[in-house]
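Please look over the sequence and the fold shown below before reading on; the paragraphs that follow take up a pocket and then a sheet.

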Amino acid sequence: MGASRRINALCVVAFALFAAAAAQQCSTKLNGNLILAEAGSIVKVDASGQNREVLTSSVNQAISLDFDYQRNILYWADLESAEIYALDESASKPRVVVPKQKQWLPFSLAVDSVTEKLYVGDGFSGTVRIFDLKNEKLDGIVVGNNLREVRSIGIDVNADYLFVNDRYQILRTDLDGSNRKVLYEYETEDENEVVPPQHIRQPISVFRILVEPEAKRLYWIDSLARNIVSSDYDGQDRKIVFQARDGQPISESLGSLAIQGDYLYWSDVENNVVYKIDLQSSSSSSILNVAPMFVKAISCPSQKSISNPCAQNNGECEQLCVLSKDSKSNRKCACQVGYELAKDQKSCIKVRNFLLFTQENYIRGQSFNTDGEAHDDVINPSQFPVGTLALIDYNAEARVVYHNGIFPQNHLYQVNLDNRKESQLEPNLLSKDVRWLAYDWASKNLYYFTYYYDNQITLSVLNVEDPTYSKIIVDDVQRLVAGLAVHPHKGYIYFGQNVDDNYARIVRVNSDGSDLKVVVDLGKGITISGLAIDLEEDRLYWSQHPLSEDEYISTLRNSDLDGGDVISVSLPENLSFSELSIQKDYIYGINASQTQLLRLSKRNLSNKVVLVRDSPPGTLSGLKLISKDIQSVKPDHPCAVGNHQCAKFCFAVEGKAVCGCPYGEKLDVDGKTCIDNSKVEPPFKPCSASYKCNKQTV
């Protein structure tokens, strides 16, 4: 009996110690209350919506809330200021923890209280960002590939899961962004519904998710089905926990969910009411007649928090240390945007080789070795907004991206990836409706097509060292240019043409505009797209397909630089490309509908990998491959620094340096310097403010 009593006493003591530890772990005075994000304030109410207390009025419009139970800190994203704020329970005023980015919408957030990281869903750029709250200089992109309009996120630290709800799916990843699994996509029960092609994704009607770590359940609002659904963490065992009454609308974009014990709280912004739903009986009642933008239930977790594997020396990571159950140490190292892990998987090195493209309104960059999962982004898209379907090229030496601006694309711009400064290039010729760009890194010349009125199309060039130097090198280009590619080593420029009478061809011209000739004549009934050069093998690549839908068989063809030795291969699944790039053994391309970025083996085209998948059609463009090896300059190149004495333009023509001058000037007798020649004007009206002429355009 004595031994039994002693054991019972020890159990009581152990339970008391555990309860004390749990109480010490969660000591917030907000426990058991609801936090409401209202216009201009954040308030606290009890579980019945009573005993209202304003926590802070230093708010514009909070859109998402989360709470750090270990440090008693409330975090929120502000819709108007686009900043992230924190309010210590003992403080009276909030502080900014994440300042406004150039162009982003922090629509949702979740705090990792173990490693003190903040996950933020950007509704504009379609990324999930991670911020180190202990070091404001450290941040990265956990998930960015194949996301669009991130609507809400949630995490379960103990389970090592991140949940993301975007326009097309609900997905789950580990907290480091790996092991992606789609839990929910568009579903239909209508047998007569026309199913779109596989590469066209259908939007879902889910705008908010809630992660419930205690029961390991996921909840979401479906505005189309007009219900609230629950599932397990695998997206299975789905249950309808609430079904809206007939005629009762559900908001398509706003509102939120919170859970406390056996009750689910739903902030219904459409009907301006907060419902309290009994999860056992599915009965509901309204507790507030003013619906906040977000509701957060504060409930001290019953689970014991895991230890911080990043506490000692940042987990031996040079930059970011992230929780990961796939590692024996329960952590993985990760890098900031623009860096990638070195071989030791701890230190970070600058990314030098990557894919550059535009996705809707942003410049994106991804590693060559992308697997479509975590930390693939080389560029933070929220820092580099551009126009829809903007075309780009890249100066690896200066780390500058050239692009044709925002619709209508009537200007040329350059943006530095390091200091994020953007400036407009102002050539002395009017740049009206610029299309297609190609940068010659050996001669430092940027080539571009300009579409003027009356279908006047020209091929122009400007010197990136001084963009006021510009000139037209081909002034009578046929309509419908399809692609532009430059071969800096050879001094060749290629462009495809789809002429009015369904006639397709590829034209080559020297870099100074001389010796224009058709090198590939594709004939009638064919359209061409996706022009690219394999610089290692000196081959010209393009995609072509017949105009007749009855004979739609796309082919990928390549030839030597003179248009001979043509090799043709049928593309898998009637695939065709709008843009192409070649890197060693691989072909990278954007498909014709501009919804996928793919990688194919050059030796086996059926070996296809979808790197980026987007919807709707027409959102991907401007594909370029960036590599220090690609943009190398041979020492004997005629226009390499030190190899020529041209004052303004140097063109490599047939292995020799040919100098040139912008409009308003001409070469002097030495063939190198430029002198006044203002009497000779362009062939029509492309003059700008920096070059006055009688044909001045207004």
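Which strands each supply at least two residues of the lining of the second largest pocket? They are β5 (73–78), β7 (95–98) and β10 (127–132), where strands are DSSP runs of E of at least two residues, numbered from the N terminus. β7 gives the most, with four residues. This is a predicted model, in which local features need pLDDT of at least 70 and side-chain atom pairs count only at pLDDT 80 or more, while totals for chains, interfaces and linings use all residues. Residues are numbered from 1 along each chain as its sequence is written, and side-chain values use heavy atoms, with hydrogens and water left out.

A pocket here is an open set of points on a 1 Å grid over the protein atoms alone, where a 1.4 Å probe fits, with protein on both sides within 12 Å along at least five of seven lines, and lining residues have an atom within 4 Å of a point. The second largest pocket has a volume of about 750 Å³, the volume being the space filled by probe spheres set on the points, which are joined across faces, edges and corners. Its lining holds 38 residues, of which Arg129, Lys137, Asp139, Gln336 and Arg420 lie nearest the centre. The lining divides into 17 nonpolar, six polar and 15 charged residues, with Ala, Val, Leu, Ile, Met, Phe, Trp, Tyr, Cys and Pro taken as nonpolar, Asp, Glu, Lys and Arg as charged, and the others, Gly among them, as polar.

Turning to the sheet, three strands form an open, antiparallel arrangement in the order β30-β29-β51, two strands being paired if DSSP finds at least two bridges between them. Because β30 (362–367) and β51 (620–626) each have a single partner strand, they stand at the edges, and one side of each is left without a neighbour in the sheet. Strand β29 (residues 354–359) is joined to β30 by six bridges, and Thr358 has Ile363 in β30 as its bridge partner.
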